[in-house]
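Please open the model in a viewer and follow the stops below in order.

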Amino acid sequence: MAGRAQPGLSRFNVTALALGLGFLYLPIVILVIYSFNASRLVTVWGGWSLRWYVEFFNDQAMLAASWMSLRVAAASATAATVLGTLAAIALSRGARFKGRTLFSGMLYAPLVMPEVITGLSLLLLFVAINVERGFWTVTVAHTTLTMCFVTVVVQSRLNSLDRSLEEAAMDLGCSPVRAFLSASLPLIAPSIAAGWMLAFTLSLDDLVIASFTTGPGSATLPIRIYSEIRLGVKPEVNAICTLFIGLITLLIVSASLASKISSARGDNAARA
Amino acid sequence: MPGSTLLHIDGVEKRFGGFVAVDGLSLEVKAGEFFALLGPSGCGKTTLLRMLAGFETPDCGRILLDGTDIAGVLPHRRPVNMMFQSYALFPHLNVSDNIAFGLKRAGMARDEIATRVAEMIALGRLEGLERRKPNQLSGGQQQRVALARALALRPRLLLLDEPLGALDKKLRDSTQRELMDLQRRLGTSFIIVTHDQDEAMTMADRIGVMNHGRLVQVATPRQLYEQPASRWVAEFVGDVNIFEGRIERREDQRLVIACHNTGAIVAAAPRQSLAGEAVCVAIRPEKMKLSRQGPAEAAIQAGAINRLEGTVSNLGYLGDISSYGIALDAGATLRVSVTNTARVDVDDFRPGERVVVWFEPDDCVVLDP
Ligand SMILES: Nc1ncnc2c1ncn2[C@@H]1O[C@H](COP(=O)(O)OP(=O)(O)OP(=O)(O)O)[C@@H](O)[C@H]1O
Ligand SMILES: [Mg+2]
């Protein structure tokens, strides 16, 4: 009876949660622990050490791949955020035109399209227009992939905003564009930031599309790691992965914080 | 006090698809006037207001402000401000910045803005709340911020869309008085939309009653209540008893009307009327008197008083008045309200009691059926 009264978790819930989280995170935890392994053999524990981190920072090829990945992620996330936000504004603010539903549906297609297909079609496009494959082609490809995620995030926020805020701004002397910038943009800014971070992590993570669209000498980090692993797992890979897990965790946490702030502001807007 | 014409709405029409929301509406509002728009839900009040503010463009007709047509002018270029029903305060700005928003856009100098904001803070009795965000204010405070923000630019015309809808009765009463006070002091013309008729009656110099996108009557509160233009207006504004019948004959200033289920009613005859014409007679519940004996014989002999007999069927006690439902012997049912002048209920009529209802011909309004 006393157990019933407790608002906490039942034994079943604890077990279920432990199993679920264990299944998700055990591999990652093992990877992080083994990145501090002193032994050369991946599977044998040889004591704690930072050896593989040092190794990574001396590995020019790996560093180049990491740098490439970060640049692609930053550039494509920025482009995707601009385009995605514009698309979201057009879809939620534009006058209702014929085929509007079709358009918004089409915008979301990359969300469900198998990556192999997106990658292949982009490759065919780049070959057809005969551009040199490398940084720019991967960036464009990743922009295509991540733009719709930004649109989804920003549009849901925009749709929940009170339109009369912009009207009030116009009533007080703002032109329509100015009214959007001063009344609505501050309220959707956190979700735009969240969209950027989402796009950044998606780009950083992508192997398939990058493999299709990159050229010789400009491998992204996932491509580089994947090719290393085929020759046998080096403990250095563990160290790189741990660093990136840290970076991505940071971004995802700040993205979810940003969207929390955004919706909290929205609630205030609704109350106000 | 109302002077020259400020706003002239001339045959304005607005369609949404095939639906006519505002239908060839014309109206004049004077400078310094407090005008109320009253009407049932969906009759086009908000649409009309939004056309005045510039958020909707009329399909035809002209809107003249001080003689210039503003029908096609964008909202930010009109000397008209609006107070929104939802208040639409900017959630990311504090009270001062909300009020200063329009002043900054107008390019006013810094110290001038500060002076004006302080003035508006005092006007809205918002002292001490300057740094608060809208979500840290009560409903009544938000309402006053919205009003202060709309008035900060000193508009010629202020539009208010159900500004007091979200307030409770007590706060609403005091806010009504504040609004009237403020309007008198500033001399700004106010157009207020409401579907609370007491509110319209209390505050407005004139009231426009709308139905199906048209103005059916524009009049002072007293005219509207005592001299409704049609049966619809009589029934929409306040409580009323309506009896249908035919004009029997005319006796100098009086009409004798044979009503279907009350018998003959004598009414004042304000207009040309033909014998045999179908009409209806409207009498407000408080204009009727209720007693156990009826009026003095002499008055009835003079033919000046209508006397109907019936039984009390129900009563509602409302504090200041009691409202009785009376079933007349002739078949009609009617409502009579009696002011409760004494605290004890010795004079109350009980359900089932026989009573006499009587009223003066001058208190009857004859309308088209
Ligand atoms: N943007 C729009 N598109 C289509 N129809 C509209 C639009 N705006 C208003 N209407 C219609 O026009 C009519 C009048 O609307 P309006 O908002 O002016 O009514 P109202 O008198 O303010 O009612 P309420 O008292 O309920 O606020 C309504 O029937 C409404 O459905
Ligand atoms: Mg309305």
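Is Trp48(A) buried or exposed? Trp48(A) is exposed, with a relative accessible area of 61%; buried means under 20% relative accessible area, exposed over 50%, and partly exposed in between (1.4 Å probe, protein chains only). This is a predicted model, in which local features need pLDDT of at least 70 and side-chain atom pairs count only at pLDDT 80 or more, while totals for chains, interfaces and linings use all residues. Residues are numbered from 1 along each chain as its sequence is written, chains are lettered from A and ligands numbered from 1 in the order in which they are written, and side-chain values use heavy atoms, with hydrogens and water left out.

**Aromatic pairs**

Rings of Phe, Tyr and Trp (its six-membered ring) pair if their centres lie within 6.5 Å; planes under 30 degrees apart count as stacked, over 60 as edge-to-face and the rest as tilted. By this rule, there are 12 aromatic pairs over all chains. Select Phe36(A) with Trp48(A): the ring centres are 6.1 Å apart and the planes stand at 50 degrees, so this pair is tilted. Both residues lie in the loop between helix H2 (11–34) and helix H3 (51–58) of chain A, 12 residues apart; helices (H or I, at least four residues) and strands (E, at least two) are DSSP runs, numbered from the N terminus. Phe36(A) is partly exposed, at 25% relative accessibility.

**Domains of chain A**

Next, colour chain A by domain: domain 1 covers 11–49 and domain 2 covers 60–271, with bounds from an automatic or database domain assignment. Their C-alpha centres lie 30 Å apart. Each of the two domains of chain A gives eight residues to the contact (heavy atoms within 4.5 Å). About 650 Å² is buried between domain 1 and domain 2 of chain A, and carbon and sulfur atoms give 73% of this area; buried area is the accessible area (1.4 Å probe) that two parts lose on being put together, summed over both. Highlight Leu31(A), Ser35(A) and Val42(A), which supply 63% of the area that domain 1 of chain A buries against domain 2 of chain A.

**Between the chains**

Now display both chains. The contact takes 23 residues from chain A and 24 residues from chain B, and the area buried between these chains is about 2,100 Å². One salt bridge is counted between chain A and chain B, a salt bridge being a side-chain nitrogen of Lys or Arg within 4 Å of a carboxyl oxygen of Asp or Glu. Select Glu167(A) and Arg50(B), whose side chains meet in a salt bridge (2.8 Å, N to O). Arg50(B) is buried, at 18%, and also forms a salt bridge with Glu56(B), where the closest N and O atoms are 3.3 Å apart.

**Within chain B**

Finally, select Glu244(B) and Arg231(B), which meet in a salt bridge of 2.6 Å, N to O. Glu244(B) lies in strand E11 (residues 241–251) and Arg231(B) in helix H8 of chain B, so the pair ties together parts that are 13 residues apart in sequence. Helix H8 (residues 231–236) of chain B also holds Trp232(B) and Phe236(B), four residues apart.
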